[in-house]
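Okay, thanks for coming, everyone. Have a look at the model on the screen and I'll talk you through one interface.

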Amino acid sequence: MKPSWWPGEEHEQFTDWAISNGIVANGVGPARFLGRGLGMIALRSIQKDEAIVKVPRQIMLTVEGIPSSFTENFPEGTPVHVLLAAFLTNGNPQDLKQYDPWRKTWPSRKDFEDCLPILWPESLCGSNCEADPRSAKSTNLLPPSISGRWNSIRKRKPKHEYKSSHQNLLLQQKTRLRNAWDRVVAVFPDTDWESFSYHWLIVNTRSFHYLMPGQEPPEDRNDAMALLPFADYFNHSDVACNVKFDGKEYVFRATTSYEEGEEIFMSYGPHPNDFLFTEYGFYLDENKSESLYLDDIIFQDLSPSFQEELSLQKYYGNYQLTAAGVCYRTEIAACMKYMRPEDWQNYVLGYSTRGFDAKKSEAVIQEWITAYEMEAEAAITELERLWSGEIARQHGEKVRMLLKRWRQIQNLCQEAFDTVSG
């Protein structure tokens, strides 16, 4: 009798293939977890510091492993992400055949459509329509960090450009995918969009950071990636494996002990839930890296001259809110609302605290947090209305994911508000 967590025949066959190709699976294997899909399970008791998975470089799918007859079709400087996705889409079937047992275990495009906002209908991403999008009031149902849009505030274009890796996430992702598509169809004009976008998402969601020892990290993290058979069963958690690559193999070690039947995780990086939602199609119930961004709320509340001064003093943008309160950059911006310009400049430079009032700063920050909480309340109200309508019958799991995420955001705002209140 198969155990309740049995992953399926194709996963058993793939595990045999992986081991026959030099991958070491020491007391671990793929498993199906109720309500959460596939992951890595302890098949016996695992001790702390045990090496549980080893993946040799020769079985990884890296850009060096793609035949030169394929890569030489692309101009120098083509991103690694693009080359990997293009090879999986347009590569010689004989070159790809060796990966067949592995590819059969990958999620389907339908799986991606169920959880990745980039593939969701506009009715969920930016409209509350249940019939004709053109006849309905436009309502943003995705969190602002993902969509870059708000319902309860008037967003102003930032006066200055600044880097932010965890805002406007969906637009950034769509831009990367569209740019990748343009590069590939310039070489393979008959490329199928459905197939290429699927493989682009496979690479995006299942790749590992890949740099040879001594190699300088590229400016774009998407140029340091590889696909690792078997290791891609690991799901994300803050409590994760110790992962090392020495140029010959990836080695995954347990950072704690596990009992037989427990799921074993690795970390995808210190990312807030909106990033995990956008990039991977899931988010954590408890996330030590959870944060929201108050940038749009603050920019619409501060005059252009104040924004100019923030830019000059290197405090422009990336105003983070966490359960522990707000970041120092946010506190600096809040002082502008009541301090004289000369006093504020001296305070920022560390010359004087004249004019600073902790209670006044607290009140300003509370207003900004309340604005985000109102956005959450509006989204929750709309999603609860949709839950009983046709859109929920068609997209129930997506609506559930959005509703749960917005309730997380609402709770985070309440925690931060209480923290700021002392």
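So, into which domains is the chain divided? We have domain 1 (7–59 + 227–278), domain 2 (61–127 + 136–221) and domain 3 (290–419), with bounds from an automatic or database domain assignment.

Quick housekeeping. This is a predicted model, where local features need pLDDT of at least 70, side-chain atom pairs count only at pLDDT 80 or more, and totals for chains, interfaces and linings use all residues. Residues are numbered from 1 along each chain as its sequence is written, and side-chain values use heavy atoms, with hydrogens and water left out.

On to domains 1 and 2. Their centres, taken over C-alpha atoms, are 23 Å apart. Domain 1 brings 27 residues to the contact and domain 2 brings 32, contact being heavy atoms within 4.5 Å.

How much area is buried between domain 1 and domain 2? About 2,500 Å², with 68% of that from carbon and sulfur atoms; that's accessible area (1.4 Å probe) lost on putting the two parts together, summed over both. On the domain 1 side, Leu 227, Phe 277 and Thr 278 lose the most, together 33% of what that side buries.

And the charges? The rule finds one salt bridge across this interface, meaning a side-chain nitrogen of Lys or Arg within 4 Å of a carboxyl oxygen of Asp or Glu. Elsewhere on my list, the side chains of Asp 232 and Arg 206 meet in a salt bridge at 3.4 Å, N to O.

That's it from me, over to you.
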